[in-house]
Amino acid sequence: MTEKRKRLETTVIHEGYDAKEMLGSLTPPLFQTSTYTFDTAEQGERRFAGEEEGYVYSRLGNPTVNILEERMAALEGGERGLAFASGMAAVSAVLIALTKSGDHILCSSGLYGCTFGLLQMMEEKYQITHDFSQMESKEAIRELIRPETACIYVETPVNPTMKLIDLELVAEVAREYDIPVVVDNTFSSPYLQRPLEAGCDVVLHSATKYIGGHGDVVAGVVVGKKDFLDGVAMTTQKDIGGIMSPMDAWLLIRGLKTLPIRLDRHCHNAAKLFEKLSKHPKIAHVYYPGDEDHPDYPIMQRQMKHGGGLIAFEINGSKQDAQRLLNHLSFIKIAVSLGDAETLIQHPATMTHAVVPPDARKEMGVTDQLIRLSAGLEAWEDIWEDLEQALDRL
Ligand code: LCS
């Protein structure tokens, strides 16, 4: 009898692990090993030749890491998952695997600062060019596709402006040209948004954020078709070597178990804070995908379960006022990263997006007055009281 596919809330806890195979250990064991012994020299030969299944060396595979990879593949609805040392190791492995010198990448207009930095480097060193697009219509996307366009790379919600990209629309155009679509799903997690179901080809995460959820791991994950990921595993992962450590995989397996209940609380807190922030006189604008008046709200309803746990807002004032607001906070932490139990606040123009030149930053909508908040798991009333007292002191 084939086993019925389980719901996401069950998959985050059980997929990819059978306690019977591990002496009944309820929790997946941590295989903290760099290498694996062969019974004979001939067995070693067979393993290296790919004629016999089995572990060889932890840069090529580790049982604890494999559990996480299988679980993430099931959660995103892909055939295979691959784990990396960081979100940027995942982004770079995918982009390098998909492109060669002279190619072109079409990107959503607005990307995490280091992804922007990587694209700049690829252009300077390898002549792999890129364009940015709001991707608001099929025409707008088609206009920027060239014969050498090797992939479309999308973040949605966009970091940090919270603009949304319609994934089904992008996937439809990409299919016309047979170009793969890569989606950075870090801000949503598979609980809120599943890009592969929308027709996209590769999904990746900074697992540092909601996947881990506890601020104690830096990691990345990629999910997609087996053929593509087998290729990445044997090239940009194996030979560049940005693999995930078994300990980090073990922590992520633990963190993942509570993903749905954490996300429910993150989203609830963000919705409450949005209501309060949008009425405050010292705030000029709030960017939040759950805002019913936001032009992207219909996209949110179609492709996300909730509005997510992140809010960006612009204050009435200067860059110094934005910094003063952060300095006045009491328990809300000034820190980059997101998706942790603690509410985190940061100033994108001088922190996550400081590497983006001022002109490009402006085009992305990252002004000096913009602040990004990752709603934590605390009582939302306490988060609001801290924000309110800091706003009142401006
Ligand atoms: N993609 C997105 C959307 C991100 O926000 C980040 C990191 C990355 C990829 C890279 O992942 P990492 O290598 O750090 O695991 N974003 C950060 C942020 O917004 N604040 O600090 C890091």
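## Basis and burial

A residue is called buried when its relative accessible area is under 20%, exposed when the value is over 50%, and partly exposed in between, using a 1.4 Å probe and protein chains only. By this criterion, 53% of the 394 residues of the protein count as buried.

The model is predicted: local features need pLDDT of at least 70, side-chain atom pairs count only at pLDDT 80 or more, and totals for chains, interfaces and linings use all residues. Residues are numbered from 1 along each chain as its sequence is written, and side-chain values use heavy atoms, with hydrogens and water left out.

## Overall architecture

The protein contains 15 helices and twelve strands; these are DSSP runs numbered from the N terminus, with helices (H or I) of at least four residues and strands (E) of at least two. The protein has a radius of gyration of 22 Å, close to the 21 Å given by the globule rule for 394 residues, so it is as compact as a globular protein of that length. The radius is taken over C-alpha atoms, and the rule is 2.2 Å times the number of residues to the power 0.38. Along the principal axes, the C-alpha atoms fill a box of roughly 75 × 50 × 40 Å.

Contact here means heavy atoms within 4.5 Å. Of the contacts between residues at least 6 apart in sequence, 72% join residues at least 24 apart.

## Surface and charge

The protein exposes about 17,600 Å², of which carbon and sulfur atoms supply 51%. Accessible areas come from the Shrake-Rupley method with a 1.4 Å probe; for residues, only the protein chains shown count as cover.

There are 39 positive and 57 negative charges, and their mean positions are 3 Å apart. Lys and Arg count as positive and Asp and Glu as negative, whereas His and the chain ends are not counted. Each charge is placed at NZ of Lys, CZ of Arg, CG of Asp or CD of Glu.

## Domains

The domain assignment gives domain 1 (8-256) and domain 2 (259-392), with bounds that come from an automatic or database assignment. The centres of domain 1 and domain 2, taken over C-alpha atoms, are separated by 26 Å. Domain 1 contributes 38 residues to the contact and domain 2 contributes 40 residues.

## Backbone exceptions

Most residues other than glycine have a negative phi, and most peptide bonds are trans. Two cis bonds can be described here. One joins threonine 156 and proline 157, with omega about -5 degrees; the other runs from asparagine 159 to proline 160, with omega near 5 degrees. Proline 157 lies in the loop between strand 4 (149-155) and helix 7 (167-177), and proline 160 is found in the loop between strand 4 and helix 7.

Leucine 23, although not a glycine, has a positive phi of about 55 degrees. Leucine 23 is located in the loop between helix 1 (8-14) and helix 2 (41-48), and its relative accessibility of 89% makes it exposed. Serine 189, also not a glycine, has a positive phi of about 70 degrees. Serine 189 belongs to helix 8 (residues 189-192) and, at 0% relative accessibility, counts as buried.

## Surroundings of alanine 85

Alanine 85 is found in the loop between strand 1 (80-84) and helix 4 (87-98). At 33% relative accessibility, alanine 85 counts as partly exposed. Leaving aside residues up to four places away in sequence, alanine 85 touches Val218, Ala219, Gly220, Gly242, Ile243 and Met244. From C-alpha to C-alpha, alanine 85 and threonine 343 are 24 Å apart in space, and they are 258 residues apart in sequence.
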